[in-house]
There are 2 protein chains.
Amino acid sequence: MNREVVLRLSKYRRLLQKFKILGLERVFSNNLGDALGVTPALVRKDFSNLKITGNKRGGYIIDELITSIDLILGKHNLREVVIVGCGKIGAALMQYKGLERDGIKIVAGFDLKPEKVFYKGEIPVLGLDDLENFIKKKQIKVGVISVPELAATAVFEKMINAGIIGFLNFSPVELKYNKDSQIFDNNNSYFINNINLSVEIENLFYYVNSKTDEFS
Amino acid sequence: MNREVVLRLSKYRRLLQKFKILGLERVFSNNLGDALGVTPALVRKDFSNLKITGNKRGGYIIDELITSIDLILGKHNLREVVIVGCGKIGAALMQYKGLERDGIKIVAGFDLKPEKVFYKGEIPVLGLDDLENFIKKKQIKVGVISVPELAATAVFEKMINAGIIGFLNFSPVELKYNKDSQIFDNNNSYFINNINLSVEIENLFYYVNSKTDEFS
DNA sequence: TAATTTATGTTACAAAAATCACAATAAAAA
DNA sequence: TTTTTATTGTGATTTTTGTAACATAAATTA
């Protein structure tokens, strides 16, 4: 399934939970559309493609919808992640309560120099040498990369060897699945979401400037 | 111009700088394509659409390419941003050197309780009450939102009133440009990049689980 | 009970984005 | 000089994604 569709599903799911807390029992496609800034037709189409059905003139029953989406998103599974790189960004994520609230558990942080990591909390901070053993033993499949640019590729490969297949990468290197590369010769596939903070902000400046330049 | 195209342009630009530092003078479309995980044809098409031309059999001259892209991206402009919400994420960004390295300057942080903000550094941390004056005086156009979910919408509106038009939003609320809303009745347009960390990780779990479930 | 209203579900359509394929051409080799 | 090679530039094609529109059916009203 398409990345965009999966993202929308996650967002529908989050909204539904909030509607439920507010005491609602049903939603209409335009409720979800409005809240997410998409057309109601797209909401219905998404559900239709996933064989999720609602009720003619009655909208969708929130509980049913939540159950259906959870089934698709695999929310039943335990969602444990590791964070590799406990610098500014990594440590912030370890302290950020939002992930936990959404059922995502950070089980460990790794750093080249764990003794120098400022973060002091519940989550264990280990050395990079322990990474492979830990991940293999705990069977972790998803990891966050928040190391400096120069370390990113090496850490990526290390994580792959340890068995990670899903990556959220905050380093400015565009990590990618490269079939020709030797590290991918194990016939596996990997899922990588790259978030480049500079690029995101630069992107805003492009639009802001082009709007400002309009009148000059 | 399309968001995806602008993002690719930024990435081409970053890569070109690195190639240049390595001493290269020219690049071919497949160098850029390989590094970014896109097809060479797309690289050429991007340039072609932007009237950037290379040399038959000679690739593109890096310096020329950088100049062309900078002209389009408007890199000449000063890139100053504010950060609203100096909690875990906000404070991490204030300390993160990567942005500065890319020519993005954080000029101030704002928080409801600036006296409780742990960050101690060069960047001034001010109260939310100072936000409007500061932004208007300094003419800041781009801001990062890293406040808790419940505060996000109010902060968003406050920033709009102060004159911000580009937003990088880390709160889990999907901020969006809504023509019908009263706050947008000033005939302006706004640019919003939402980054929802939970959704990004959840997205990875979907693919990881569907891969794992394949054999069960 | 019949008419009307309101939302879904889906098909047809349109727009956008990426890929393909190859002509054009400059450089290098023979 | 001629031939070969390598790479760009782009029109045609395909793929993907979203929109529009409307037939369908449940619920409400008359």
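B:Arg57 is exposed, with 6 other C-beta atoms within 10 Å; a residue counts as exposed at 12 or fewer such neighbours, as buried at 20 or more and as partly exposed in between, with C-beta atoms placed from the backbone. B:Arg57 is also among the residues that come nearest to DNA strand C. This is a predicted model, in which local features need pLDDT of at least 70, side-chain atom pairs count only at pLDDT 80 or more, and totals for chains, interfaces and linings use all residues. Residues are numbered from 1 along each chain as its sequence is written, while chains are lettered from A and ligands numbered from 1 in the order in which they are written.

**Chain A as a whole**

- Chain A has nine helices and eight strands; helices (H or I, at least four residues) and strands (E, at least two) are DSSP runs, numbered from the N terminus.
- The C-alpha trace of chain A spans about 60 × 55 × 40 Å along its principal axes.
- Of its 216 residues, 34% count as buried.
- Among the contacts in chain A with a separation of 6 or more, 59% join residues 24 or more positions apart; two residues are in contact if their C-beta atoms, placed from the backbone, lie within 7 Å.

**The two copies and their contact**

- The contact between the chains takes 47 residues from chain A and 48 residues from chain B.
- On the side of chain A that touches chain B, the elements giving two or more residues are helix 1 (3–21), helix 5 (88–95), helix 6 (97–101), strand 7 (166–169), strand 8 (191–194) and helix 9 (197–213).
- Helix 9 of chain A supplies the largest share of that side, 14 residues.
- By class, that side has 24 nonpolar, twelve polar and eleven charged residues; Ala, Val, Leu, Ile, Met, Phe, Trp, Tyr, Cys and Pro count as nonpolar, Asp, Glu, Lys and Arg as charged, and the others, Gly among them, as polar.
- The copies meet through the same surface, because 100% of the interface residues of chain A are also interface residues in chain B.

- Helix 3 (40–49) of chain A and helix 3 (40–49) of chain B are the elements that give two or more residues to the surface near DNA strand C.
- Of these, helix 3 of chain A gives the most, with six residues.
- DNA strand D also has 26 residues around it, and A:Thr39, B:Phe28, B:Ser29, B:Ser48 and B:Thr53 come nearest.
- For DNA strand D, helix 3 of chain B gives the most, with six residues.
- The surface near DNA strand C divides into eight nonpolar, ten polar and eight charged residues, and the surface near DNA strand D into eight nonpolar, ten polar and eight charged.
- B:Val43 lies in helix 3 of chain B and counts as buried, with 24 C-beta neighbours inside 10 Å.
- Leaving out residues up to four places away in sequence, B:Val43 touches B:Ser29, B:Leu32, B:Gly33 and B:Val38.

**The nonpolar core**

- The largest nonpolar core has 103 residues, and A:Ile83, A:Val84, A:Ile145, B:Ile83, B:Val84 and B:Ile145 have the most contacts inside it; such a core is a set of buried Ala, Val, Leu, Ile, Met, Phe, Trp, Tyr and Cys residues joined through C-beta atoms within 7 Å.
- Helix 9 of chain B provides the largest share of this core, seven residues.
- Beyond its neighbours within four places in sequence, B:Ile145 is in contact with residues including B:Val84, B:Phe156, B:Phe167 and B:Phe170.

**Residues with positive phi**

- Most residues other than glycine have a negative phi.
- Phi of B:Arg57 is near 65°, and B:Arg57 lies in the loop between helix 3 and strand 2 (60–61) of chain B.
- A:Gln139 has a positive phi of about 60° and lies in the loop between helix 7 (131–138) and strand 6 (142–145) of chain A.
- A:Gln139 is exposed, with 10 other C-beta atoms within 10 Å.

How values were computed: A residue is near a molecule or strand if its C-beta atom, placed from the backbone, lies within 6 Å of it.
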